[in-house]
Amino acid sequence: RLVTLIGDIIRLSQLDEGVEMPKENVELLSLAGEVAEDLRPAADKRSLTISVDGQTAVVFGVRRLLYEMLYNLCDNAIKYNHEGGYVKATVVNNNNCIKFTVSDNGIGIPAEDLSRVFERFYCVDKSHSREKGGTGLGLSIVKHGAAFHNAKIDIDSTLGEGTMITLTFCK
């Protein structure tokens with residue numbers, strides 16, 4: 001867990017300091033498929049279904065960072081879900097904008113916490129943070145990665161019903 005924390009802190013430092021990272025064309029639908037396959041054992045352990053659907057869409061960006069962003073969003077959807085729930089990743093290619101959405105039917109986020117979930121080390125439910133694992137930096141990496149890629153983040157959540165987070169990449 002400490003090694004993961006150190007890696008996350010280094011990644012955030014690189015984003016904060018504007019470290020040059022090589023960009024390339026990255027196909028988001030296949031990248032989302034990789035993320036889903038990597039997270040399938042965690043989903044299976046909790047009897048969750050994880051699925052990827054949508055259209056081929058290419059984003060010019062840092063592949064490793066985009067992978068981490070998608071991974072963190074899907075990983076949270078798994079961690080904060082009910083046994084037997086679902087996690088859906090969708091890629092939509094609309095003209096000049098590409099939307100990547102992760103939705104789940106998990107525990108949801110209280111309205112008063114929505115504006116803070118992307119802060120470093122912020123945890124909605126501190127009583128369960130240690131048992132869920134993680135570093136408290138996953139959504140902060142998503143936020144900084146989105147800023148790096150000039151993407152917009154939207155979050156919609158209802159307590160007890162689930163969460164939907166969308167990254168919008170416009171050309």
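How many aromatic pairs does the structure hold? The answer is 1. Keep in mind that this is a predicted model.

Helix H2 covers residues 28-45, and its axis comes within 9 Å of the axis of H3. The two cross at roughly 40 degrees, which makes H2 oblique to H3. The crossing is right-handed. On the H2 side, the contact residues include Leu 28, Leu 31, Val 35 and Asp 38. On the H3 side, they include Arg 63, Leu 66, Tyr 67 and Ile 78. Sorted by class, this contact has 13 nonpolar residues, 4 charged ones and no polar ones.

Now H3 against H5. H3 is residues 63-79 and H5 is residues 138-148. Their axes also come within 9 Å, crossing at roughly 140 degrees. An angle over 145 would count as roughly antiparallel, but H3 and H5 are oblique to each other. This crossing is left-handed. H3 contributes Leu 65, Glu 68 and Met 69, among others, while H5 contributes residues including Gly 138, Ile 141 and Phe 148. By class, there are 8 nonpolar, 4 polar and 1 charged residues in this contact.

Lys 23 lies over the face of Phe 148, 5.0 Å from the ring centre. Another lysine, Lys 88, has its charged end over the ring of Tyr 86, at 4.5 Å from the centre.

To recap the handedness: H2 with H3 is right-handed, and H3 with H5 is left-handed.

Definitions and conventions
Residues are numbered from 1 along each chain as its sequence is written. This is a predicted model: local features need pLDDT of at least 70, side-chain atom pairs count only at pLDDT 80 or more; totals for chains, interfaces and linings use all residues. Side-chain values use heavy atoms; hydrogens and water are left out. Rings of Phe, Tyr and Trp (its six-membered ring) pair if their centres lie within 6.5 Å; planes under 30 degrees apart count as stacked, over 60 as edge-to-face and the rest as tilted. A charge sits over a ring if NZ of Lys or CZ of Arg is within 6 Å of the ring centre and within 35 degrees of the ring normal. Axes are lines fitted to C-alpha atoms, for helices over the stretch in contact, and angles run from 0 to 180 degrees between N-to-C directions. Helices (H or I, at least four residues) and strands (E, at least two) are DSSP runs, numbered from the N terminus. Angles under 35 degrees count as roughly parallel, over 145 as roughly antiparallel, 65 to 115 as roughly perpendicular and the rest as oblique. A crossing is left-handed if the near helix is turned anticlockwise from the far one by less than a right angle, and right-handed if clockwise. Contact means heavy atoms within 4.5 Å. Ala, Val, Leu, Ile, Met, Phe, Trp, Tyr, Cys and Pro count as nonpolar, Asp, Glu, Lys and Arg as charged, and the others, Gly among them, as polar.
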